[in-house]
Amino acid sequence: MATARPARFWDRFAGRYAARAIKDPAAYDAMLADVAGRLRPTDRVLEIGCGTGSIAIRLAPHAREWTATDFSPEMLRLARAKPAPKNLRFVLDDAASAFDGGPFDAICAFQVLHLVEDLPGVLSRIHANLKPGGLLMSKTWCFADMGLKLRGLFLVLRTVGLFPTANALTKTSLREAVRDAGFEIVDERVYGADPHGPYLVARKPV
Ligand SMILES: C[S@@+](CC[C@H](N)C(=O)[O-])C[C@H]1O[C@@H](n2cnc3c(N)ncnc32)[C@H](O)[C@@H]1O
């Protein structure tokens, strides 16, 4: 497992992440309902950057198999401590290499693509490890679309270790990166009031 951006930040932050309240439960539920609606009971799903496993635990019953991966041992320790469906397994791995068992019918990446060191490389591996027609379902923080003041605040938080290193994506550059990896974007939505975290569904062409 090779990783350039260390998991240390997430190991330290895992307890707080697990304890935090979902900001907008209705928007969160609506997004997960959309993901569930795109899954078939025969699907084998890979999730990268699964965190403490909340999404995997909710959505695994909609698929045949769900492999949830994350590079933070502490995030995974918390995930594994939760009651989980039998078809779900948690695996410690970096998003750059977490593709054992592919090709998959769907790959999920919630709040993680802005964190990976080599976004084009990760997207092209996601594409290579999906079946033709397979879906990438993602939600990604597009930091560079925010106003100057907020961007400045996050840079300060990062400098003092309260925020991880993140890619300066805009919605436009995110779409471009997804298309450059060979995907067609089939849906893009914003769930909730924050326009900077688009939910994107992309298909590997048949
Ligand atoms: C903001 S949390 C999102 C967790 C979960 N997907 C969710 O939506 O609640 C980001 C997660 O991505 C993981 N992560 C960050 N960079 C990663 C990488 N390069 N490989 C694998 N996991 C990574 C972190 O450990 C953390 O658990």
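**Group meeting: a walk through one predicted chain**

Glutamine 111 has a positive phi of about 60 degrees, although it is not a glycine. Most residues other than glycine have a negative phi, and most peptide bonds are trans. As for its place, glutamine 111 is in the loop between β4 and α5, the latter spanning 119–128.

A quick word on the ground rules. This is a predicted model, where local features need pLDDT of at least 70 and side-chain atom pairs count only at pLDDT 80 or more, while totals for chains, interfaces and linings use all residues. Residues are numbered from 1 along each chain as its sequence is written, and side-chain values use heavy atoms, with hydrogens and water left out.

Now the whole chain. How many helices and strands does it have? There are seven helices and seven strands, where helices (H or I, at least four residues) and strands (E, at least two) are DSSP runs numbered from the N terminus. Reading from the N terminus, the order is α-α-β-α-β-α-β-β-α-β-α-α-β-β. The radius of gyration is 16 Å, close to the 17 Å that the globule rule gives for 206 residues, so the protein chain is as compact as a globular protein of that length. That radius is taken over C-alpha atoms, and the rule is 2.2 Å times the number of residues to the power 0.38. Along the principal axes, the C-alpha atoms fill a box of roughly 45 × 35 × 35 Å.

Of the 206 residues, 46% count as buried. Taking contact as heavy atoms within 4.5 Å, residues 24 or more positions apart account for 67% of the contacts with a separation of 6 or more.

Serine 138 shows such contacts up close. This residue sits in strand β5, residues 130–139, and is buried at 2% relative accessibility. Leaving out residues up to four places away in sequence, serine 138 touches Ala109, Phe110, Leu113, Pro198, Tyr199 and Leu200. Its C-alpha atom is separated by 16 Å from that of arginine 58, 80 residues apart along the chain.

Next, the loop between β3 (88–92) and β4 (104–110), where proline 103 is found. The peptide bond from glycine 102 to proline 103 is cis, with omega near 5 degrees. Aspartate 100 lies in that loop between β3 and β4 too. Is aspartate 100 buried or exposed? With a relative accessible area of 62%, aspartate 100 is exposed. The C-alpha atoms of aspartate 100 and glycine 182 are separated by 21 Å, at 82 residues apart along the chain.

Last, the cysteines. The structure holds zero disulfides, a disulfide here being a pair of cysteine sulfur atoms within 2.5 Å. For cysteine 50, the nearest cysteine sulfur is that of cysteine 108, 11 Å away. For cysteine 142, the nearest is again that of cysteine 108, at 17 Å. Cysteine 50 is buried, with a relative accessible area of 7%, and cysteine 142 is buried at 0%.

Notes:
Buried means under 20% relative accessible area, exposed over 50%, partly exposed in between (1.4 Å probe, protein chains only).
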